[in-house]
Amino acid sequence: MAKEKMIQDWGEALETYAVPQWEELPKLSLYMDQVIGLMEEYLSIYEKTGEKLITSSMVNNYVKLGIIPKPDKKRYNRVHLAYLIMICILKQVLSISMIQKMLPLTLTEEELAHLFNAFQDAQRQAFNEVTDRVYTTYGHLNNEDAKPTDYFSFFAQTALTGNIYKIISAMIAENINTITK
C-alpha cells in the first residue's frame, strides 16, 4: 500500500539524516552564497514547501542581533556554521530570543565545538527515537486490520508530543540561567 510505503520512507529519511560533527564542518572560510548552499544541504530535512529555512537576510539579521559572530571580511567559518545550524534547527520550535539565551556568543571555539557535537548527538538520539516510533507504527499500519482512525491517532500523537516538547523547551530556555547554576 502506498501510505505504508510513505511512512516507511519517512522512517528511512530520519534514520539516515544527520548534521555533520564539528570536525566535519569546512575549515575554509566561506562567502555568504556558499554558506546558504551548505546550510540548505545540511538542513534539507527541515525545509517546508515554499519556505526558506535560511536566507542571506536572515544571516545578516542574526549578526545584527548578536546571535552569531560578525563575519571576518564577509567570510564565515565553522564557528558561524555551527551557530547557524543550531539556530536553524532550534527556530523550528523556539523563538530567536530563547535561542539567543541558550547559545551565548561568549563561548570559546573549543566550548562551541563541544556544545555543537553534543547538540548533534542529541539530535541523532531524537531522530533515532522518532525513527523507532515510525517503524513501530509502520508495522501496525501495515496490518490488514489498520483503520483510517489509526492513521489519525498516529498523526495526533506525533503532533501533541511535539507540542509538549516545544512547551518544555521554552520553559528550559526561559530559565536556563537558573538551571545551569
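Which residues do ring pairs link into a cluster? Ring pairs join Tyr17, Tyr46 and Phe127 in this way, and the points below set that cluster in its context.

1. Basis of the note. This is a predicted model, in which local features need pLDDT of at least 70 and side-chain atom pairs count only at pLDDT 80 or more, while totals for chains, interfaces and linings use all residues. Residues are numbered from 1 along each chain as its sequence is written, and side-chain values use heavy atoms, with hydrogens and water left out.

2. Overall build. The chain has eight helices and zero strands, where helices (H or I, at least four residues) and strands (E, at least two) are DSSP runs numbered from the N terminus. Along its principal axes, the C-alpha trace spans about 60 × 40 × 30 Å. Of the 181 residues in the chain, 35% are buried; here buried means under 20% relative accessible area, exposed means over 50%, and partly exposed lies in between, with a 1.4 Å probe and protein chains only.

3. The aromatic pairs. The count comes to three aromatic pairs, under a rule by which rings of Phe, Tyr and Trp (its six-membered ring) pair if their centres lie within 6.5 Å, with planes under 30 degrees apart called stacked, over 60 edge-to-face and the rest tilted. Tyrosine 17 is buried at a relative accessible area of 9%, and tyrosine 46 is buried at 16%.

4. The link to helix α6. Tyrosine 46 also forms an edge-to-face pair with phenylalanine 127, at 6.4 Å centre to centre and with 70 degrees between the planes. Tyrosine 46 lies in the loop between α2 and α3 and phenylalanine 127 in helix α6, so this pair ties together parts that are 81 residues apart in sequence. Phenylalanine 127 is itself buried, with a relative accessible area of 11%.

5. The largest pocket. The largest pocket has a volume of about 2,100 Å³. Its lining counts 44 residues, and those closest to the centre are Val93, Ala126, Phe127, Val130 and Gly162. On a 1 Å grid over the protein atoms alone, a pocket is an open set of points with protein on both sides within 12 Å along at least five of seven lines, and lining residues have an atom within 4 Å of a point; grid points are joined across faces, edges and corners, and the volume is the space filled by probe spheres set on the points.

6. What lines the pocket. The helices α1 (2-16), α4 (78-90), α6 (109-141) and α7 (148-174) each supply at least two residues of the lining, and α7 gives the most, with 14 residues. The lining divides into 29 nonpolar, nine polar and six charged residues, where Ala, Val, Leu, Ile, Met, Phe, Trp, Tyr, Cys and Pro count as nonpolar, Asp, Glu, Lys and Arg as charged, and the others, Gly among them, as polar.

7. Charged contacts. The structure holds one salt bridge, meaning a side-chain nitrogen of Lys or Arg within 4 Å of a carboxyl oxygen of Asp or Glu. Lysine 52 forms this bridge with glutamate 40, the closest N and O atoms being 3.2 Å apart. Because lysine 52 lies in the loop between α2 (32-42) and α3 (56-65) and glutamate 40 in helix α2, the pair ties together parts that are twelve residues apart in sequence. Lysine 52 is exposed at 52% relative accessible area, whereas glutamate 40 is partly exposed at 28%. In a separate contact, the charged end of arginine 75 sits over the ring of tyrosine 31, 4.3 Å from its centre, under a rule that asks for NZ of Lys or CZ of Arg within 6 Å of the ring centre and within 35 degrees of the ring normal.

8. Backbone points to check by eye. Lysine 73 is found in the loop between α3 and α4 and has a phi near 55 degrees, a positive value in a residue other than glycine. Lysine 74, which lies in the loop between α3 and α4, has a positive phi near 65 degrees. Lysine 73 is exposed at 72% relative accessibility, and lysine 74 is exposed at 67%.

Conventions
On a 1 Å grid over the protein atoms alone, a cavity is a set of points where a 1.4 Å probe fits but cannot get out, and a pocket is an open set with protein on both sides within 12 Å along at least five of seven lines; lining residues have an atom within 4 Å of a point.
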